Amino acid sequence: MTAWHLRTSRFVDPMGALRLGHFVDVLQRFPAGHLLDLGAGHGLFSRLAADLGWRVTAVDARDERFPRDDRVRWVRADVRDFDEYEGVDLVACLGLWYHLTLDDQVALARRMAPRPVILDTHFAMPRRKDHHHHADRVSDLVQQDGYEGRLYSETGLHTRPTASWGNELSFWPTVPTLERQFYDAGYDVLEHLSPPPCADRHYVVVRSWSPEHQAWMDGLISTYRKMSDPGAAPCDPAAASLAAASLGANGGSGRGLVAAVARLGRGRRGGLGRQRSPQGTNPPGSGVSSARGAGSTAEKVSSPAERIGAGLGTGDSGRGTVEQDGVLQGTARQDVIDLIAGAREPRTAERGESGR
Ligand SMILES: C[S@@+](CC[C@H](N)C(=O)[O-])C[C@H]1O[C@@H](n2cnc3c(N)ncnc32)[C@H](O)[C@@H]1O
């Protein structure tokens with residue numbers, strides 16, 4: 001049990017307390033706008049978002065648990081048919097993903113893109129017995145179209161207000177498959193929040209880079225490439241300034257970007273940092289276009305994710321360990337943090353008008 005779990009265990013519903021905490025934490029990363037809450041159910045998350053100043057549309061196939069709250073637009077609809085995404089700034093998909101089939105998940109990810117998503121879902125563990133309460137309902141690991149996961153039997157659960165809507169079998173993806181579902185839909189970053197509500201259930205934030213962030217990352221990467229050359233200056237002020245200007249134009253969350261850097265570094269080995277497959281045919285971890293597997297990465301990589309993937313993970317760079325278990329280490333980590341901190345809070349005397 002982690003310190004965080006000890007903290008939430010004083011609540012009657014510790015897992016619920018943690019889920020609320022993660023939800024509010026993520027909401028506060030974004031300026032309040034229009035939230036679409038899919039599978040809203042009891043509506044608590046929708047109402048909490050309204051408390052925090054969000055305009056909320058709450059969708060669920062069942063409306064019996066919708067509370068009375070005129071601040072929220074309550075819509076009874078199947079999320080597989082619902083298509084009102086125009087003007088939505090953020091999508092919440094809490095406790096719903098694992099009640100859908102694989103095909104419906106893939107289609108929904110594409111419909112939500114490119115909006116950021118807060119996702120709370122069960123996923124398939126390597127061993128069935130690790131599913132604890134659900135071990136008797138999940139199948140062995142199955143493969144379909146290069147995706148991997150477990151089928152979850154909804155049989156006999158349909159009288160429950162929390163169950164699937166119309167499908168007897170739902171799909172619980174493995175973590176790499178969840179990453180691929182979103183990566184193939186066009187997303188760049190998938191971040192797991194810690195601690196997870198329980199062993200086989202994660203809170204995940206999925207988002208894509210705006211053009212401004214891509215420009216910012218390009219500046220960061222060009223700087224970082226120099227940092228990974230033995231003997232090179234740790235930080236190129238010109239590139240840092242360019243990066244600061246890009247970010248200054250966009251605002252953005254330094255904390256999220258640190259997570260993004262670390263995450264994509266890890267993805268190079270097994271998830272996101274690979275060539276996006278237009279047809280969705282490159283399974284995660286297949287080595288397609290991976291920095292080491294591709295040989296000469298400089299020519300082969302093209303997307304920002306790949307470029308940063310190529311730049312990270314070079315533990316033999318001569319500047320100490322650069323990446324370990326997906327987390328930047330040592331001087332490299334400090335350099336990136338300094339760069340991001342500098343970009344977020346530019347000293348105007350040095351960087352002109354690049355402030356936010
Ligand atoms: C486990 S509850 C989650 C409720 C709430 N979002 C939460 O996280 O506590 C799942 C909800 O998804 C809804 N649901 C399941 N399949 C759906 C579908 N295809 N379309 C719309 N709602 C669906 C159920 O009616 C239920 O309210």
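Arg65 touches Gly41, His42, Gly43 and Pro161 when residues up to four places away in sequence are not counted, two residues being in contact if their C-beta atoms, placed from the backbone, lie within 7 Å. Arg65 has its place in the loop between β2 (55-60) and β3 (72-76), where helices (H or I, at least four residues) and strands (E, at least two) are DSSP runs numbered from the N terminus. With 13 other C-beta atoms within 10 Å, Arg65 is partly exposed; a residue is buried if 20 or more other C-beta atoms lie within 10 Å of its own, exposed if 12 or fewer, and partly exposed in between, with C-beta atoms placed from the backbone. Between Arg65 and Leu44, which are 21 residues apart in sequence, the C-alpha to C-alpha separation in space is 10.0 Å. The model is a predicted one, in which local features need pLDDT of at least 70 and side-chain atom pairs count only at pLDDT 80 or more, whereas totals for chains, interfaces and linings use all residues. Residues are numbered from 1 along each chain as its sequence is written.

The secondary structure of the protein comes to 12 helices and 12 strands, and of its 356 residues 41% count as buried. Among contacts between residues at least 6 apart in sequence, 58% join residues at least 24 apart.

Helix α2 (residues 14-27) has 14 residues and reaches 20 Å from its first C-alpha to its last, close to the 20 Å expected at 1.5 Å a residue, the expected span being 1.5 Å times one less than the number of residues. The buried residues of α2 are Leu18, Arg19, His22, Phe23, Val26 and Leu27. Seen down the axis of α2, these buried residues fall within an arc of 165 degrees, so they line one face of the helix; the arc is that of the directions from the helix axis to the C-beta atoms. The elements that cover the buried residues of α2 include α1 (3-8), α3 (44-51), β5 and β10 (201-207).

In helix α4 (residues 102-112), the buried residues are Leu102, Gln105, Val106, Leu108, Ala109 and Met112. They cover an arc of only 165 degrees around the axis, which puts them on the same side of α4. Their cover includes the strands β4 (90-94), β5 (117-122), β6 (138-144), β7 (147-153) and β8 (169-173), together with helix α5 (175-184).

The largest nonpolar core has 53 residues, and those with the most contacts inside it are Leu38, Val91, Ala92, Cys93, Ile118, Phe182 and Val206; a nonpolar core is a set of buried Ala, Val, Leu, Ile, Met, Phe, Trp, Tyr and Cys residues joined through C-beta atoms within 7 Å. Not counting residues up to four places away in sequence, Phe182 touches Ala109, Tyr187, Leu190 and Val206. A second, separate core of 6 residues includes Trp209, Trp216, Met217 and Leu220. In soluble globular proteins, nonpolar side chains tend to be buried together.

His192 lies in strand β9 and counts as partly exposed, with 16 C-beta neighbours inside 10 Å. When neighbours within four places in sequence are left aside, His192 is in contact with His202 and Val204. His192 and Val175, 17 residues apart in sequence, are separated by 9.9 Å in space from C-alpha to C-alpha.

Around the ligand there are 18 residues, of which Gly39, Gly41, Ala61, Leu94 and Gly95 come nearest, a residue being near a molecule if its C-beta atom, placed from the backbone, lies within 6 Å of it. By class, this shell has 8 nonpolar, 6 polar and 4 charged residues, where Ala, Val, Leu, Ile, Met, Phe, Trp, Tyr, Cys and Pro count as nonpolar, Asp, Glu, Lys and Arg as charged, and the others, Gly among them, as polar.

Most residues other than glycine have a negative phi, and most peptide bonds are trans. The peptide bond from Ala113 to Pro114 is cis, with omega near 5 degrees, and Pro114 is found in the loop between α4 and β5. A cis peptide bond also joins Ser194 and Pro195, with omega about 0 degrees, and Pro195 is found in the loop between β9 (189-192) and β10. Phi is positive, near 45 degrees, in His132, which lies in the loop between β5 and β6 and is exposed, with 10 other C-beta atoms within 10 Å. For Asp145, phi has a positive value near 50 degrees; Asp145 lies in the loop between β6 and β7 and is exposed, with 11 other C-beta atoms within 10 Å.
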